[in-house]
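This briefing gathers notes on pockets, helix packing and backbone geometry, for reading alongside the sequence and the coordinates.

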Amino acid sequence: MKKFFGYFFTPIFYFFFFLTLIVFQPIQWICYRFLGYKAHKVSVDLLNFFLTYCDLFLGSSVTFINEHHLPAGKPIIFVANHQSMYDIPGIIWFLRKHHVKFISKIELTKGIPSISFNLKYGGGANIDRKDSKQAVVEILKLGRRMKENNWGAAIFPEGTRAKDGKIKPFQVGGIATLLKSVPDALIVPIAIENSWQLVRHGMFPLSCGEKLRWTVLPAIDKTGKNAEEITLEAEHAICTVLKQPLRVPEPKN
């Protein structure tokens with residue numbers, strides 16, 4: 001039934017989703033070129049507010065749970081599972097006071113209205129997955145910007161989207177690299193639920209009536225832990241919320 005209704009409501013969703021992208025492209029450009037970072041950020045926040053609530057055109061609900069008083073003036077690394085591109089607007093909007101930046105594929109900095117502009121000029125890290133040295137350098141630069149400006153950053157350690165909702169093993173590389181530049185950053189997991197179901201039939205039709213949920217979990221105590229242990233703890237925290245099996249790492253030789 002959700003797929004059936006998707007045939008009717010997906011065109012409406014896409015109309016407003018892409019209209020939002022087109023409208024905010026010149027708004028972002030004006031804010032960035034003439035008014036500076038603060039104005040550009042406000043434009044990006046509003047862009048992602050509208051992108052997030054476009055989900056309502058599919059009859060889907062949007063719930064963001066954050067019961068923790070996270071400090072606004074401290075770098076935070078948000079570690080989340082990744083289910084679809086619709087994970088991202090909610091993180092930017094609901095955590096806007098933390099100035100959350102992303103680690104993105106460099107290919108995304110071209111060709112997508114509003115999104116490409118923000119990725120190129122918003123302060124995140126745009127990495128070439130075929131060039132590991134470039135990727136490390138860009139992530140280190142992001143870490144330094146986080147430290148200098150007390151920004152947050154969101155990272156998806158699975159490395160790719162979990163199209164069936166099942167969490168893939170978290171990779172330690174991105175988190176470890178960020179911690180080299182900003183070792184005092186808080187590590188805060190976010191559990192994302194049901195956004196994969198929006199696209200379970202592909203780009204068309206989108207599924208209707210899904211319950212999209214982001215849950216911010218307690219910050220991880222990094223005391224005495226290395227990057228591998230921190231990453232695994234974040235993975236386990238998210239798996240627990242999503243009621244998925246906990247991965248046991250293979251013992252090192």
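Predicted model: local features only at pLDDT ≥ 70, side-chain atom pairs only at ≥ 80, totals over all residues.

**Pocket, cavity, helix contacts and backbone**

The second largest pocket is lined by 14 residues, and those nearest its centre are Glu228, Glu229, Leu232, Arg247 and Pro249.

- The volume of the second largest pocket is about 300 Å³.
- Sorted by class, the lining of this second largest pocket comprises six charged, five nonpolar and three polar residues.

*The cavity*

- One cavity of 30 Å³ or more is present in the structure, and the largest cavity holds about 30 Å³ of space.
- The lining of the largest cavity is made up of Phe17, Leu51, Thr52, Asp55, Tyr86, Pro89, Gly90 and Trp214, which by class are five nonpolar, two polar and one charged.
- Helix H2 and helix H3 (88-94) each contribute at least two residues to the lining of the largest cavity.

*Helices H1 and H2*

- The axes of helix H1 (residues 2-35) and helix H2 (residues 37-53) come within 8 Å of each other and cross at roughly 170°; because angles over 145 degrees count as roughly antiparallel, H1 and H2 are roughly antiparallel to each other.
- On the H1 side, the contact is formed by Phe17, Thr20, Leu21, Phe24, Ile27, Gln28, Cys31, Tyr32 and Leu35, and on the H2 side by Tyr37, Ala39, His40, Ser43, Val44, Leu46, Leu47, Phe50 and Leu51.
- In the contact of H1 with H2 there are 14 nonpolar residues, four polar residues and no charged residues.

*Helices H5 and H6*

- Helix H5 (residues 132-149) and helix H6 (residues 173-181) have axes that come within 8 Å and cross at roughly 45°, which means that H5 is oblique to H6.
- The crossing of H5 and H6 is right-handed.
- From H5, the residues in contact are Val136, Ile139, Leu140, Leu142, Gly143, Arg144, Met146 and Lys147, and they meet Gly174, Thr177, Leu178, Lys180 and Ser181 of H6.
- The contact of H5 with H6 divides by class into six nonpolar, four polar and three charged residues.

*Backbone features*

- Most residues other than glycine have a negative phi, and most peptide bonds are trans, which is the background for the two points that follow.
- The peptide bond from Phe204 to Pro205 is cis, with omega near -5°, and Pro205 is located in the loop between helix H7 (195-198) and strand E7 (211-216).
- Asn194, a residue other than glycine, has a positive phi near 75°, and Asn194 sits in the loop between strand E6 (186-193) and H7.

Conventions:
Residues numbered from 1 in each chain as written. Heavy atoms only, no water. Axes fitted to C-alpha atoms, helices over the stretch in contact; angles between N-to-C directions. Helix = DSSP H or I, 4+ residues; strand = E, 2+ residues; numbered from the N terminus. Parallel < 35°, antiparallel > 145°, perpendicular 65-115°, else oblique. Left-handed = near helix turned anticlockwise from the far one by under 90°. Contact = heavy atoms within 4.5 Å. Nonpolar A, V, L, I, M, F, W, Y, C, P; charged D, E, K, R; others polar. 1 Å grid on protein atoms, 1.4 Å probe; cavity = no way out; pocket = protein on both sides within 12 Å on 5 of 7 lines; lining within 4 Å. Points joined across faces, edges and corners; volume = space filled by probe spheres on them.
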